[in-house]
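Here's a quick tour of this chain, going from its overall build down to one strand and its neighbours. Take a look at the model first.

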Amino acid sequence: MSIENSFKPKEKIIVKAGPIIRVYDGEIKEENLVREIDSREKNLITNNGLKGMMDVLAEVTSGNIIGGPSYIWVGSGATTATNADTDLATYASEKQLTDYVRAGGNYTGTWSVTFGTSESNHEWEEIALANGAHGSGTMWTRYVFTAQKFTKTSSQQAVVEYELTIGRG
């Protein structure tokens, strides 16, 4: 009997991920909020993202590993996201993540970053969580928001919070 055939999981694990994008005119304060895109339930986790989660859980430190998230990539492509995606359809910019929080007792981790007025001023239509800079990093997730696409300008700041939740299914 093979190990594969004898393994019977007692519980299923569900993983959900997705960004919340908030765009502000000028200073980051509630009265300056001009757009909010909340896609926590609609995001796609790529095949490489699942592999990356396994590497992080196993604390793999050598070989062909996919490390944990460290960047947000932004693009302007409208191609439908698939599990096999390894890049944005039309990459435009990126920024290294600046913060990670997991509230006590909570199964949701949140990575965040702020794009200032001089950063990523272009059309936003797709976004990804990745483990490194574009060209050398691996894309964990991808979300395309064609119906809510927008152009960020030099008078705006964008705050991206990317949530990942693990739960029992």
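This is a predicted model: local features need pLDDT of at least 70, side-chain atom pairs count only at pLDDT 80 or more; totals for chains, interfaces and linings use all residues.

Along the principal axes, the C-alpha atoms fill a box of roughly 65 × 35 × 30 Å.

As for what the chain is built from, there are 2 helices and 12 strands, and they follow one another as α-β-β-β-α-β-β-β-β-β-β-β-β-β. Looking at contacts with a separation of 6 or more, 69% are between residues 24 or more positions apart.

On covering and surface, 42% of the 169 residues count as buried. The accessible surface is about 9500 Å², with 49% of that belonging to carbon and sulfur atoms.

Now zoom in on strand β9, residues 126-130, where 5 of 5 residues are buried. In a regular strand, side chains alternate between the two faces of the sheet. In β9 both faces are covered: Glu126, Ala128 and Ala130 are buried on one side, Ile127 and Leu129 on the other.

Here is how β9 pairs up:

| Partner of β9 | Residues | Sense | Bridges |
|---|---|---|---|
| β4 | residues 71-75 | antiparallel | 5 bridges |
| β10 | residues 141-144 | antiparallel | 2 bridges |

To find these pairings on screen, look for Leu129 of β9 as the bridge partner of Ile72, and for Val144 of β10 as the bridge partner of Glu126.

Methods
Residues are numbered from 1 along each chain as its sequence is written. Side-chain values use heavy atoms; hydrogens and water are left out. Helices (H or I, at least four residues) and strands (E, at least two) are DSSP runs, numbered from the N terminus. Buried means under 20% relative accessible area, exposed over 50%, partly exposed in between (1.4 Å probe, protein chains only). Contact means heavy atoms within 4.5 Å. Accessible areas come from the Shrake-Rupley method with a 1.4 Å probe; for residues, only the protein chains shown count as cover. Two strands pair if DSSP finds at least two bridges between them.
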